[in-house]
Amino acid sequence: MDGIYRVLVVMMIYIALATTEALAAKHVVTWDLSSDLSSWAKGRTFKVGDQLVFKYTSGLHSLVELSGEKEYKNCDIGNALDSMNGGNDAIKLTKPGTRYFACGTLGHCDQGMKLQIKTVAANEAGSSDDDQESSPSSSTSTSSPTSTTSTTSTSAGGVQSVASFISIFASITIGLLNMV
Ligand SMILES: [Cu+2]
């Protein structure tokens, strides 16, 4: 009787903690020339712990991480931080700040195949106060719903969070059982 009661209390504590745990999101980028990448990025919040997955045809495109804003503006891939060409490239957002990506295929970056990602701290609120600054770059119409990209918030990153969540709270089970 008493044992069952204690287990129930512990389970309720687990559920309360689980619902407040923010799951890491996986942002899937359709990395091609027709994607409206800047408006795709504007519509979502990138947090520390989230993951970017660039999906593209290997050989046709590639993924280059640029070293800064100047390089991003100029499509200068000369001193890139990193480059990949697998076609299914995962990038983990490990700290707050802005990161810059471009396609390494000649001319593609200039045609708009580039993406800047601003990562915020995991506990920061959503980007409701984001200023709607319109970049004076290309004349891409942001009204056409051409976005073919999607997000799954409960896949790889989420599973990982749940796993660490379980292991952490399993370790305090004994302590809780002794307390109640
Ligand atoms: Cu490309």
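**Exercise 1. What pLDDT does the protein chain average, and what share of the residues score at least 70?**

Solution. 
- Start with the term: pLDDT is the predictor's confidence in each residue, from 0 to 100.
- The chain averages a pLDDT of 75.
- A score of at least 70 is reached by 56% of the residues.
- Two residues are in contact if their C-beta atoms, placed from the backbone, lie within 7 Å.
- Residues 172-177 also have a pLDDT below 50, with five contacts beyond near neighbours in sequence.

Two notes on reading the model. It is predicted: local features need pLDDT of at least 70, side-chain atom pairs count only at pLDDT 80 or more, and totals for chains, interfaces and linings use all residues. Residues are numbered from 1 along each chain as its sequence is written.

**Exercise 2. How many helices and strands does the protein chain have, and what pattern do they follow?**

Solution. 
- Helices (H or I, at least four residues) and strands (E, at least two) are DSSP runs, numbered from the N terminus.
- The chain has five helices and nine strands.
- Along the sequence they read α-β-α-β-β-β-α-β-β-β-β-β-α-α.

**Exercise 3. Give the strand order of the open sheet, then find its edges.**

Solution. 
- Two strands pair if DSSP finds at least two bridges between them.
- Five strands form the open sheet, in the order β2-β8-β7-β4-β5, with mixed pairing.
- The edges are β2 (46-47) and β5 (82-84), each pairing on one side only.
- Take β4 (residues 63-66). Three bridges join β4 to β7, and the two run antiparallel. Val64 stands opposite Ala102 in β7.
- β4 and β5 also run antiparallel, joined by three bridges. Here Glu65 has Asp82 in β5 as its bridge partner.

**Exercise 4. Is Thr94 buried or exposed?**

Solution. 
- Locate Thr94: the loop between β6 (88-92) and β7 (97-102).
- Apply the cut-offs: a residue is buried if 20 or more other C-beta atoms lie within 10 Å of its own, exposed if 12 or fewer, and partly exposed in between; C-beta atoms are placed from the backbone.
- Thr94 is exposed because it has 11 other C-beta atoms within 10 Å.
- Check a distance. Thr94 and Ala121 are 27 residues apart along the chain, and their C-alpha atoms are separated by 9.5 Å.

**Exercise 5. What share of the 180 residues is buried?**

Solution. 
- Buried residues make up 18% of the protein chain.
- Now the contacts with a separation of 6 or more: 80% of them join residues 24 or more positions apart.
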